[in-house]
Amino acid sequence: MRIDVMALADVLRRAAKAEILPRFRRLNLGDVRAKSEATDLVTEADVNAERMIRAELKHLAPEALFIGEESVAADPALLSRLKDADLAVIVDPVDGTFNFASGIPAFGVMASVVYRNETVAGIIYDPMGDDWVMAEKGSGAFLRRPDGDSMRLSVAAAKPLDAMIGMASAGYFFGEQREKILSNLAKVRMFACYRCAAHEYRTLVGGHVDFVMYNKLMPWDHLAGTLIAQEAGGHAARFDGSPYRPTDLEGGLLVATNPESWRELRDQIIA
């Protein structure tokens with residue numbers, strides 16, 4: 001079973017142009033709603049873009065299980081079907097919804113293809129820049145533009161811990177663990193959080209930062225970026241060193257430029 005990855009990439013682009021960009025900085029008060037908390041938002045752009053992508057996937061890959069962030073919000077039991085699916089497409093229609101709703105141009109559209117519990121393709125589309133970063137397993141990672149231009153991607157060369165720059169999302173660490181993580185991050189040169197995994201992964205695979213770190217694991221946030229990072233030469237694993245799989249929802253995730261840097265970050269920042 002295979003999906004035409006470039007066709008899927010084009011679906012994401014068309015959904016962004018039809019449903020997301022026309023609403024950017026044009027959302028009405030009723031177009032934005034909170035889900036689990038005040039910073040966990042959904043907008044009409046999220047809902048309509050996911051609906052369009054799902055409809056297009058019925059033609060592109062009718063046999064695939066479709067799992068979208070907003071579909072799971074409406075029916076949480078949908079996520080449990082992933083472990084038994086031969087073929088699935090997982091979509092985040094607007095990654096970085098808080099930024100999007102705030103008028104900040106740092107958001108993306110993400111999709112991954114999972115075959116028998118293995119991520120085999122990942123796509124991150126940037127509506128503002130109108131380009132994709134993408135990978136198919138075993139084929140490398142690439143930046144692609146609509147005119148056909150492409151460039152192979154590679155993570156940065158390894159650096160000492162005190163020279164590393166990274167992306168660390170501390171919002172889902174709690175209590176003493178959060179205090180420890182934030183204190184230990186003083187050991188690196190600099191860290192930031194874009195509140196948008198799509199752009200954090202893009203920054204990593206473009207060679208601009210040395211690691212990304214997350215504690216909340218939802219497949220639409222991390223499957224695409226993790227595969228792209230691995231295909232760009234990076235090393236990814238959960239905090240205990242085990243591989244990150246599509247059905248993993250906890251255990252943390254650290255992605256670094258190579259295994260040695262990964263171990264140093266895990267030992268010095270997390271452990």
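Is F173 buried or exposed in this structure? F173 is buried, as its relative accessible area is 0%; the term buried denotes under 20% relative accessible area, exposed over 50% and partly exposed the range in between, with a 1.4 Å probe and protein chains only. The model is predicted, so local features require pLDDT of at least 70 and side-chain atom pairs count only at pLDDT 80 or more, while totals for chains, interfaces and linings use all residues. Residues are numbered from 1 along each chain as its sequence is written, and side-chain values use heavy atoms, with hydrogens and water left out.

## The seven-stranded sheet

Helices (H or I, at least four residues) and strands (E, at least two) are DSSP runs numbered from the N terminus. An open sheet with mixed pairing contains seven strands in the order β3-β4-β5-β6-β7-β8-β9; two strands pair if DSSP finds at least two bridges between them. Its edge strands, each pairing on one side only, are β3 and β9 (150-152). From one strand to the next the twist averages 20°.

Helix α1 packs on this sheet and touches β4, β5, β6 (118-126), β7 (131-136) and β8 (141-144). Its direction makes about 35° with that of β6; contact means heavy atoms within 4.5 Å. Helix α2 also packs on the sheet, touching β3, β4 and β5, and its direction makes about 155° with that of β4.

Strand β4 (residues 87-95) is largely enclosed by the rest of the structure, because nine of its nine residues are buried. Strand β3 (residues 65-68) runs parallel to β4, and four bridges join the two. Within this pairing, I67 has I90 of β4 as its bridge partner. Strand β5 (residues 108-115) pairs with β4 in the antiparallel sense over seven bridges, and the bridge partner of D92 in β5 is M110.

## Packing of α1 against α2

Helix α1 (residues 5-20) packs with helix α2 (residues 44-60) at an angle of about 145°, the axes being 9 Å apart. Axes are lines fitted to C-alpha atoms, for helices over the stretch in contact, and angles run from 0 to 180 degrees between N-to-C directions. The contact involves A7, L8, V11, L12, R14, A15, A18, E19 and I20 of α1, together with A45, N48, A49, M52, I53, E56, L57 and L60 of α2. Classified by residue type, this contact has 13 nonpolar, one polar and three charged residues. In this scheme Ala, Val, Leu, Ile, Met, Phe, Trp, Tyr, Cys and Pro count as nonpolar, Asp, Glu, Lys and Arg as charged, and the others, Gly among them, as polar.

## The five-stranded sheet

Another open sheet with mixed pairing has five strands in the order β11-β10-β12-β14-β13. Strands β11 (190-192) and β13 (235-237) are the edges, each pairing on one side only, and the twist averages 15° from one strand to the next. Strand β10 (residues 165-168) pairs with β11 in the parallel sense over three bridges; F191 in β11 is the bridge partner of G166.

Helix α6 (residues 197-205) lies across β10, β12 (211-214) and β14, running at about 150° to β12. Helix α8 lies across β12, β13 and β14, and runs at about 135° to β14.

The loop between β14 (253-256) and α8 (259-270) contains T257. T257 counts as buried, because its relative accessibility is 6%. Apart from neighbours within four places in sequence, T257 is in contact with V155, A156, A158, D210, G233, G234 and H235.

## Aromatic pairs

The structure holds six aromatic pairs. Rings of Phe, Tyr and Trp (its six-membered ring) pair if their centres lie within 6.5 Å; planes under 30 degrees apart count as stacked, over 60 as edge-to-face and the rest as tilted. Two of the pairs are listed below.

| Pair | Centre distance | Plane angle | Class |
|---|---|---|---|
| F173 and F239 | 6.2 Å | 10° | stacked |
| Y201 and Y214 | 5.6 Å | 35° | tilted |

F239 counts as buried at 12% relative accessibility. Y201 belongs to helix α6 and Y214 to strand β12, so their pair ties together parts that are 13 residues apart in sequence. Both Y201 and Y214 are buried.
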